[in-house]
Amino acid sequence: MMVREGFSVLLGAMPDIEVVGEAVNGREAVERVRELAPDVVLMDIRMPEMNGIEATREIVAADGSAKVLVLTTFDLDEYVYQALRAGASGFLLKDASARQLAEGIRVVASGEALLAPSVTKRLIAEFSKLPARPGPNAQAAYGDLTERETEVLVLIAKGLSNAEIAERLVVAESTIKTHVGRILVKLGLRDRTQAAVFAYEARLVTPG
């Protein structure tokens, strides 16, 4: 409770962030999101009645535009992977500073993924346990992407931002944004975090 109230006070002091509601458990979080329609939801994974993973899944299913930012106690939390699969747009450590917390909210609100390198490595490790070849559905889906779009998708999965991808490929950031938009439409995905998960499932990104 103290942590939640502390976050509320810290964020409420930011000129560009408005705290519109709080919830004490996962079930209440789902109900509050339905009532208030916030741009970003700060979600604790471990909560009573309904955990953060189930709450994230219900929120995303009900509102495809909702962006969930998961709060966890440490960067290799066993549930981070599950939360991203459930539709979370990223994660932050609970001991993040007020500046990091606010910046994380801004990043997710803008449509960027918030994936630390440690989480990227964990995702790759998790997907390395899958069969060596992707399923036919994944193959068919990414087969519709152009060579450049596939290249951008791989870099998204490696945790690069639009600006970093643009620098890597020596193109304008606006061009990358266009590519990302087309990738999401072609693959039927809601955001770049889900695009990263798709890339791992399709084995476009492998360990090593």
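## Helix α5

Helix α5 covers residues 98–109, and its 12 residues reach 16 Å from the first C-alpha to the last, close to the 16 Å expected at 1.5 Å a residue. The expected span of a helix is 1.5 Å times one less than its number of residues. Helices here (H or I, at least four residues) and strands (E, at least two) are DSSP runs, numbered from the N terminus.

The buried residues of α5 include Leu101, Ala102, Gly104, Ile105, Val107 and Val108. Buried means under 20% relative accessible area, exposed means over 50%, and partly exposed lies in between, with a 1.4 Å probe and protein chains only. An α-helix has 3.6 residues a turn, so residues three or four places apart point the same way. After α5 comes Gly111, with a positive phi near 100 degrees.

## Basis of the model

This is a predicted model, in which local features need pLDDT of at least 70 and side-chain atom pairs count only at pLDDT 80 or more, while totals for chains, interfaces and linings use all residues. Residues are numbered from 1 along each chain as its sequence is written, and side-chain values use heavy atoms, with hydrogens and water left out.

## The chain as a whole

The protein chain has 11 helices and three strands. Along the sequence, these elements follow the pattern α-α-β-α-β-α-β-α-α-α-α-α-α-α.

Of the 208 residues of the protein chain, 46% count as buried. The chain exposes about 10,700 Å², and carbon and sulfur atoms supply 53% of that area. Accessible areas come from the Shrake-Rupley method with a 1.4 Å probe; for residues, only the protein chains shown count as cover. Among contacts between residues at least 6 apart in sequence, 63% join residues at least 24 apart. Contact means heavy atoms within 4.5 Å.

## The sheet

Three strands form an open sheet in the order β1-β2-β3, with parallel pairing. β1 and β3 (90–93) stand at the edges, each with a single partner strand, so one side of each is left without a neighbour in the sheet. From one strand to the next, the twist averages 30 degrees. α5 packs on the sheet and touches β1, β2 and β3; the direction of α5 makes about 150 degrees with that of β2. Axes are lines fitted to C-alpha atoms, for helices over the stretch in contact, and angles run from 0 to 180 degrees between N-to-C directions.

Strand β2 spans residues 67–72 and is joined to β1 by five bridges, the two running parallel. Two strands pair if DSSP finds at least two bridges between them. Leu42 has Leu69 in β2 as its bridge partner, and Val40 stands opposite Lys67 in β2. Five of the six residues of β2 are buried, so this strand is largely enclosed by the rest of the structure.

## Asp44

Asp44 is found in strand β1, which covers residues 40–44. An unreviewed UniProt entry places the feature "modified residue: 4-aspartylphosphate" at Asp44. UniProt positions are given in the numbering used here, feature names are shortened, and annotations may be inferred rather than shown by experiment.

At 22% relative accessibility, Asp44 counts as partly exposed. Leaving aside residues up to four places away in sequence, Asp44 touches Gly52, Leu71 and Lys94.

Most residues other than glycine have a negative phi, and most peptide bonds are trans. Ala37 is not a glycine, yet has a positive phi of about 50 degrees. The place of Ala37 is in the loop between α2 (26–36) and β1.

Val170 is not a glycine either, and its phi is positive at about 55 degrees. Val170 is found in the loop between α9 (162–169) and α10 (173–187). With a relative accessible area of 69%, Val170 is exposed.

## Two pairs of positions

Val80 is found in helix α4, residues 80–86. At 2% relative accessibility, Val80 counts as buried. Val80 and Gly90 are 10 residues apart in sequence, and their C-alpha atoms are 8.8 Å apart in space.

Lys158 lies in the loop between α8 (147–157) and α9. Its relative accessible area of 48% makes Lys158 partly exposed. Lys158 and Ala199 are 41 residues apart in sequence and 9.5 Å apart in space, C-alpha to C-alpha.
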